[in-house]
Amino acid sequence: MTAPLLTITDSNVYIPSFRAPVDQVIQEINEDGVSFRLSAADYRDSGFGYVPIERSESLEQMIYEVCAPILSRIRRDGIQLSAILFASVTSAGVQAQSLFSGLLREFDYSTTPVIQLEEYGCSTIHLSLYLTKAYFAGEGQSNDAVLFVAADKANTSHHRSDSYMLYGDAASAALYRKSAARGQQTLSARLKVDGFVYDRSPERVKMYFSTFYLAVRQVVNQVLRESGMVMNEISLIFCSNLGLRTWSTLARALGCPLDKFYASTLEDAGHLHNTDILLNVNEAVRTGSLNRGDFYLAVSIGFGGYYGCSLHKYE
Amino acid sequence: MDMDVLVLCHHVNTSHAEHVCAKIRRELNLMDVLPLALGHSGSLAFPHALSLLEWLMAGGTYRKAVCVLADDHFEQSSVMLPAQPAPLSIIEIMPQS
């Protein structure tokens, strides 16, 4: 087993307390002209029950909520914050630096760049792991850290749904360190980019839906192969919350049982873009589904052909 | 074209469903190239791109990048650049040997 590439030593997830039933949300977005492609019953059959909706806090406040505790701890420990890698899929058009300026000033990290990564959708978390892996393999020092932040808050029905999925509001943050005795060790991190869908051409969307599971299989097998591991040694798969129907397709492609996919947050939280994986891992740790010494895979799928897979060990 | 990374830096609001970097990559058949799109950071996007390229190039796997800086119009402020209707810069980046 190779040495960890990096370790996630701290993380935080914020989900609004208000949850709307999927039936209600689908009705509302249909009335706003979104034309959701599934019936509410079919969507519920995939395991979805509710959509978290933020009704009082701004995106900036949501980001503060998940980042402030982490920044407080690393400031106390004298850790250098080299960069913040930021993903906001639903809230397109937001200006990253302004969302973080107050927060960084408060914790004396005003010179830390906030880099907004786009186009990878729900796979931006794996892009952040891939980039940080390169950083720590090169110039990154043991006292450095990179913070990945995901924050999404829909302001319109067209942000709430792209007609295929419903998106909840949430924010999350994960601190990446070069090495640590405890945390979520990252042993491998790979990306596969097809980028089929760069606009809404029906032919390209159809191509994406008919091939995505093959791309997932390819990147997962690549990670397992280079780590010298097999699927039987993997305790759980934490995947983007795309629902049981999609996961069934992936499970068949990967040759593993569906119950290897961690599904406990599907009903209450649904799909939260890049927050899905951090939420699922934290919840699995909290409930005892994931224990120290367990190996697991994180798999993300960004709409249009962006795929990420990473192998982790919980220490 | 001998290139490992394609970077797109832009600022203004593009359509939520449009992936410009992916489109450039597909249209020019650069399927082995790693795409990076940095947006909504104004003039900070290019220095951020350079930081990320330093990270990627330090390991030796990535050796050449092309950075495209482009915006087709300024929706937010409704300000058109007087000099050109569609500002565009293309910069080739390689690590110091």
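Modeller: Before we start, contact here means heavy atoms within 4.5 Å. Keep in mind, too, that this is a predicted model.

Colleague: Okay, let's start between the chains. Which residues of α2(B) does α5(A) meet?

Modeller: The two helices to look at are α5, residues 124-137 of chain A, and α2, residues 45-58 of chain B. Their axes come within 7 Å and cross at roughly 65°, and the crossing is left-handed. From the α5(A) side come A:Y130, A:L131, A:T132, A:A134 and A:Y135. Facing them in α2(B) are B:L52, B:W55 and B:L56.

Colleague: How many nonpolar residues does that contact of α5(A) with α2(B) have?

Modeller: Sort the residues by class and you find no charged ones. There is 1 polar residue, and the nonpolar count is 7.

Colleague: Now inside chain A. Are α3(A) and α4(A) roughly parallel or roughly antiparallel?

Modeller: Helix α3 covers residues 59-76 and helix α4 covers residues 96-106, with axes 10 Å apart. They pack at an angle of about 30°. Angles under 35 degrees count as roughly parallel, so α3(A) and α4(A) are roughly parallel.

Colleague: And how many charged residues are in the contact of α3(A) with α4(A)?

Modeller: On the α3(A) side you'll find residues including A:L59, A:E60 and A:I63, and on the α4(A) side residues including A:F100, A:L103 and A:E106. The class count gives 10 nonpolar residues and 1 polar, and the charged ones number 2.

Colleague: How do α7(A) and α8(A) lie to each other, oblique or roughly parallel?

Modeller: Helix α7 is residues 202-227 of chain A, helix α8 is residues 244-254, and their axes are 9 Å apart. The angle between them is about 50°, and the crossing is right-handed. That angle makes α7(A) and α8(A) oblique.

Colleague: Which residues of α8(A) meet α7(A)?

Modeller: α7(A) brings A:F212, A:Y213, A:V216, A:R217 and A:V220. The contact divides into 7 nonpolar, 2 polar and 1 charged. The α8(A) residues are A:T246, A:T249, A:L250, A:A253 and A:L254.

Colleague: How far apart are the end C-alpha atoms of residues 224-313 of chain A?

Modeller: For that stretch, UniProt lists "domain: Beta-ketoacyl-[acyl-carrier-protein] synthase III C-terminal", in an unreviewed entry. The chain there is 36% helix and 22% strand. Its end C-alpha atoms are apart by 13 Å.

Colleague: Last one: where in chain B does pLDDT stay under 50?

Modeller: The predictor gives the complex an ipTM of 0.92 and a pTM of 0.94. Chain B averages a pLDDT of 77, with 70% of its residues scoring at least 70. Where pLDDT is low, the predicted coordinates should not be read in detail. In chain B, pLDDT stays under 50 over residues 74-84.

Conventions:
Residues numbered from 1 in each chain as written. Chains lettered and ligands numbered in written order. Predicted model: local features only at pLDDT ≥ 70, side-chain atom pairs only at ≥ 80, totals over all residues. Heavy atoms only, no water. UniProt positions renumbered as here; feature names shortened; annotations may be inferred. Helix = DSSP H or I, 4+ residues; strand = E, 2+ residues; numbered from the N terminus. Axes fitted to C-alpha atoms, helices over the stretch in contact; angles between N-to-C directions. Parallel < 35°, antiparallel > 145°, perpendicular 65-115°, else oblique. Nonpolar A, V, L, I, M, F, W, Y, C, P; charged D, E, K, R; others polar. pLDDT = per-residue confidence, 0-100. Left-handed = near helix turned anticlockwise from the far one by under 90°.
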